[in-house]
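These notebook entries record what I looked up in one structure.

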Amino acid sequence: MISTKTLIMVSLLGVMVASGCAVSQSYNEEELGLRKVDLYSEKTVVGEPTSYSTVSAGESKMIQRSFENAPPMIPHDVEGMMDMTKDSNACTGCHLPEVAEAVKATPIPKSHFFDMRTQKVLTEMSQARYNCSACHAPQSANEPLVKNEFKPDYRKANGMERSNLIDNLNEGVR
């Protein structure tokens with residue numbers, strides 16, 4: 001036998017589900033994504049061409065980091081630089097700390113000379129860090145599809161230009 005309390009609870013739950021379904025908003029196909037076309041036009045839709053900076057390295061303007069310790073965007077032309085191996089990396093020619101200041105490039109941060117597994121400082125760049133394009137990418141000159149209203153909070157005045165990840169690496173860890 002079902003108790004009155006259980007019957008009332010089941011009835012209320014049923015009313016809530018039914019009212020939720022009745023009020024739900026539906027969307028048509030053109031409102032689902034950023035492209036604003038129906039799903040059946042997939043083969044005929046052509047994306048906006050992407051254009052990257054053609055400014056040569058050393059002539060480009062630094063792009064502000066998206067948030068504290070974010071990998072910086074690459075502000076210059078990267079044509080012919082993206083085939084990277086541990087022994088052949090065009091980025092290190094300008095961005096190694098001992099060279100960077102002289103050529104006015106952003107130096108590779110200390111965190112790239114640290115082995116996360118052994119927690120030891122290295123005398124050369126970590127083997128896990130030679131593939132720069134795994135984290136760093138050239139900035140497209142296209143307009144964003146969605147407005148970004150995020151405002152980063154940098155703890156240090158130069159946080160939008162420099163990484164201090166090595167100093168904060170074990171922050172909060174005991």
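I began with the lining of the second largest pocket, which by class has seven nonpolar, five polar and one charged residues. For these classes, Ala, Val, Leu, Ile, Met, Phe, Trp, Tyr, Cys and Pro count as nonpolar, Asp, Glu, Lys and Arg as charged, and the others, Gly among them, as polar. I noted the space in the second largest pocket as about 270 Å³. It is lined by 13 residues, and those closest to its centre are Ser66, Met73, Gln139, Pro144 and Asn148. A pocket here is an open set of points on a 1 Å grid over the protein atoms alone, where a 1.4 Å probe fits, with protein on both sides within 12 Å along at least five of seven lines; lining residues have an atom within 4 Å of a point. Grid points are joined across faces, edges and corners, and a volume is the space filled by probe spheres set on the points.

I recorded that the model is predicted: local features need pLDDT of at least 70, side-chain atom pairs count only at pLDDT 80 or more, and totals for chains, interfaces and linings use all residues. Residues are numbered from 1 along each chain as its sequence is written, and side-chain values use heavy atoms, with hydrogens and water left out.

I then turned to the largest pocket, which holds about 1200 Å³ of space. Of its 48 lining residues, Pro72, His95, Thr106, Pro107 and His136 are the closest to the centre. I sorted the lining into 28 nonpolar, twelve polar and eight charged residues. Helix H2 (92-95) and helix H4 (165-168) each supply at least two residues of this lining; H4 gives the largest share, three residues. Helices (H or I, at least four residues) and strands (E, at least two) are DSSP runs, numbered from the N terminus.

Next I consulted UniProt, where an unreviewed entry lists His76, Cys91, Cys94 and His95 under "binding site". They are spread over 20 residues of sequence but cluster in space, with a largest C-alpha distance of 13.0 Å. The lining of the largest pocket takes in His76, Cys91, Cys94 and His95. UniProt positions are given in the numbering used here, feature names are shortened, and annotations may be inferred rather than shown by experiment.

The unreviewed entry also lists His112, Cys132, Cys135 and His136 as "binding site". These span 25 residues in sequence, yet no two of their C-alpha atoms are more than 13.1 Å apart, so they gather at one spot. I found His112, Cys132, Cys135 and His136 in the lining of the largest pocket.

Is cysteine 91 buried or exposed? Cysteine 91 counts as buried because its relative accessibility is 18%; buried means under 20% relative accessible area, exposed over 50%, and partly exposed in between (1.4 Å probe, protein chains only). Cysteine 94, in helix H2, is partly exposed at 33%. Cysteine 132 is buried at 15%, and lies in the loop between strand S2 (120-121) and H4.

Contact means heavy atoms within 4.5 Å. Leaving aside neighbours within four places in sequence, I found cysteine 132 in contact with Met84, Asn89 and Cys91. On the same terms, histidine 136 is in contact with Pro71, Pro72, Ile74 and His112.
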